[in-house]
Amino acid sequence: NDQTGLYSVFRNPWHTPLTIFIAVVGVIAIVALVTVAVLQNKPLIPKYKYGIVLDAGSSHTAMYIYEWPAEKDNNTGRVEQTHSCKVKGPGISSYASDPKKAGQSLQVCMKEAERFVPSERHEETPLYLGATAGMRLLNIENSTASDQVFQAVSESLQKSPFSFQGARILSGQEEGAFGWVTVNYLDDRLKQVCTTGALDLGGASTQISFVSDAFDGSESPNNSVNFRLYGNDYNLYTHSFLCYGKDQVLRMALSGPGSISDPCFHNGYSESKNYMTLYNSPCVSKRKPVSSPADFTHVGKGNFYQCQELVKSVFDFTQCKYTQCSFNGVYQPTLQGPFGAFSAYYFVMNFLNLTDTSVPLQSVKEALARYCSTPWETIKKQHPGIKLKYLAEYCFSGTYILTLLTEGYNFTSETFSKIRFIKQIKGSDAGWTLGYMLNLTNMIPAEAPDTPLLPHAGYVSVITVIALVLFLLFVLSLRPLWPRCSQKPQIV
Ligand SMILES: Nc1ccn([C@@H]2O[C@H](COP(=O)(O)OP(=O)(O)O)[C@@H](O)[C@H]2O)c(=O)n1
Ligand SMILES: [Ca+2]
């Protein structure tokens, strides 16, 4: 009596030769699909390839694992970050007195990478370590110690099963340029003319990179990087300001006249600090007073506007031998296009709840002024989970960011609204590491890849869809979707 089962196949007027034909074609298509896949030796389930980059920053090291579909190795694939690991402890430059520990500090994340990347892919997976401003400063201060740290780090990474491609210091220009590549690759802008500028704030340096129609590189060749990507030529302006990462600028500000009673720290904040620690950086060593006591008490008086004046004192706006400069006599063309601001720009503005740039710049400043004038005891109560060292510095860091962007780079209230404070784009962290790997693995072609009508996988998937639709039609014709108007709907 089953009116919808196999019995109905012969009874239901729907089962004419047509549906039999559909079934036969559907089955043929599925057979064809499997045959194509087998003959083409195309895996029905795509295999992935991997790349690993360690970002050895001044304050910390982070490991990023990238993956992309293996059959799309010819540059049209979408490389995506599939995993990241924050190395415990400080940046590798902090291990100058015990370099071995720099290598050991990476082991936990490397073991994690071994678990994450399929073992059959290990030996073909490239592994890079790039160091930035922390190691640039160590190299200036003590190149022997810098070499020893890299020696220890390389020995440690050579023990991993991956294809270690070396550990090196990136130039500021590379750091800025690859950050720009990452942001535009992830934002799919490398196939367009209009690109996004990149703003990177670290602990020991900060980078600005953008394409400007007014910039052809002639005025300041050192700030020019040319890329030909996907058939488009980009003449990128980029500059890296060593010592203008937020941690080094804090040292500079503390070594200035206002260090005792500091407007960048909250009222009620009072910490004893050591001059030796403060001055042990090439960024401030020249500012070390001839005779200074070992320790000093750092006292806060929480005033945003006075803090802004103190922060401005670390910039030199007097000298510029070009048509226009940002600061410290560095050429900068007129700002152009939208910008992505990441790393410490994001961490700080996100903490301060100031990432919404649709808010007028003046209102952002007023909000920060209110935050800075909040007493230290209140701040601690409002943020019980934040490490006090970090918590104490947000007023300074936020003030530095606004001063750097407006007074340093000349962002106005209008162009400030074109900045997006970002941590990730489509699940991948914004930063130099992805751009660095794409460049070294030649995964961004100079020419636009000739887009085949449909890649193999495309044909396979088209056939799949046809087969499945036909087969579904056949199966569905076995069971009426809705009660035929002649059948009384079963009320359930
Ligand atoms: N969750 C985090 C992670 C880093 N940071 C800060 O972001 C900056 C990252 O700088 P970095 O280690 O990349 O240093 P550079 O070598 O790029 O100058 C440091 O000032 C960190 O203190 C933060 O504020 N919050
Ligand atoms: Ca960094």
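Q: At what angle do H10 and H15 pack in this predicted model?
A: A quick word on the model first: it's predicted, so local features need pLDDT of at least 70 and side-chain atom pairs count only at pLDDT 80 or more, while totals for chains, interfaces and linings use all residues. Side-chain values use heavy atoms, with hydrogens and water left out, residues are numbered from 1 along each chain as its sequence is written, and chains are lettered from A and ligands numbered from 1 in the order in which they are written. Helices (H or I, at least four residues) and strands (E, at least two) are DSSP runs numbered from the N terminus, and axes are lines fitted to C-alpha atoms, for helices over the stretch in contact, with angles running from 0 to 180 degrees between N-to-C directions. For H10 (residues 304-312) and H15 (residues 394-408), the axes are 9 Å apart and the angle is about 60°.

Q: Is the crossing of H10 and H15 left-handed or right-handed?
A: A crossing is left-handed if the near helix is turned anticlockwise from the far one by less than a right angle, and right-handed if clockwise. The way H10 passes H15 is right-handed.

Q: Which residues of H15 make the contact with H10?
A: Contact here means heavy atoms within 4.5 Å. H10 brings Phe304, Cys307, Gln308, Val311 and Lys312. By class (Ala, Val, Leu, Ile, Met, Phe, Trp, Tyr, Cys and Pro are nonpolar; Asp, Glu, Lys and Arg charged; the others, Gly among them, polar), the residues of this contact split into 5 nonpolar, 3 polar and 2 charged. The H15 partners are Phe396, Thr399, Tyr400, Thr403 and Glu407.

Q: How does H10 sit relative to H12: roughly parallel or roughly perpendicular?
A: H10 and H12 (residues 361-372) have their axes 9 Å apart and an angle of about 100°. Phe304, Tyr305 and Gln308 of H10 meet Lys365, Glu366, Leu368, Ala369 and Cys372 of H12, and that contact has 5 nonpolar, 1 polar and 2 charged residues. The angle makes the pair roughly perpendicular.

Q: How far apart are the axes of H5 and H6?
A: H5 (residues 133-141) packs on H6 (residues 143-158) at about 135°, which makes the two oblique. Met135, Leu138, Asn139 and Glu141 of H5 meet Ser143, Ala145, Ser146, Val149 and Phe150 of H6. The axes are separated by 5 Å.

Q: What percentage of residues 390-411 is helix?
A: An unreviewed UniProt entry lists "transmembrane region" at 20-39, 390-411 and 457-478; its positions follow the numbering used here, feature names are shortened, and annotations may be inferred rather than shown by experiment. Residues 390-411 have 0% strand and end C-alpha atoms 27 Å apart.

Q: What is the relative accessible area of serine 205?
A: The unreviewed UniProt entry includes serine 205 in its "binding site" annotation, and the residue sits in strand S7 (residues 205-211). Its contacts beyond four places in sequence include Arg136, Glu175 and Asp200. Serine 205 counts as buried because its relative accessible area is 2%.

Q: Is glutamine 207 buried or exposed?
A: Glutamine 207 is in strand S7, and among its contacts beyond four places in sequence are Glu175, Asp200 and Tyr409. Its relative accessibility is 1%, so it counts as buried.

Q: What is the relative accessibility of lysine 426?
A: Lysine 426 has a positive phi near 50° without being a glycine, and lies in the loop between strands S15 (424-425) and S16 (428-429). It counts as exposed because its relative accessibility is 54%.

Terms used
Buried means under 20% relative accessible area, exposed over 50%, partly exposed in between (1.4 Å probe, protein chains only). Angles under 35 degrees count as roughly parallel, over 145 as roughly antiparallel, 65 to 115 as roughly perpendicular and the rest as oblique.
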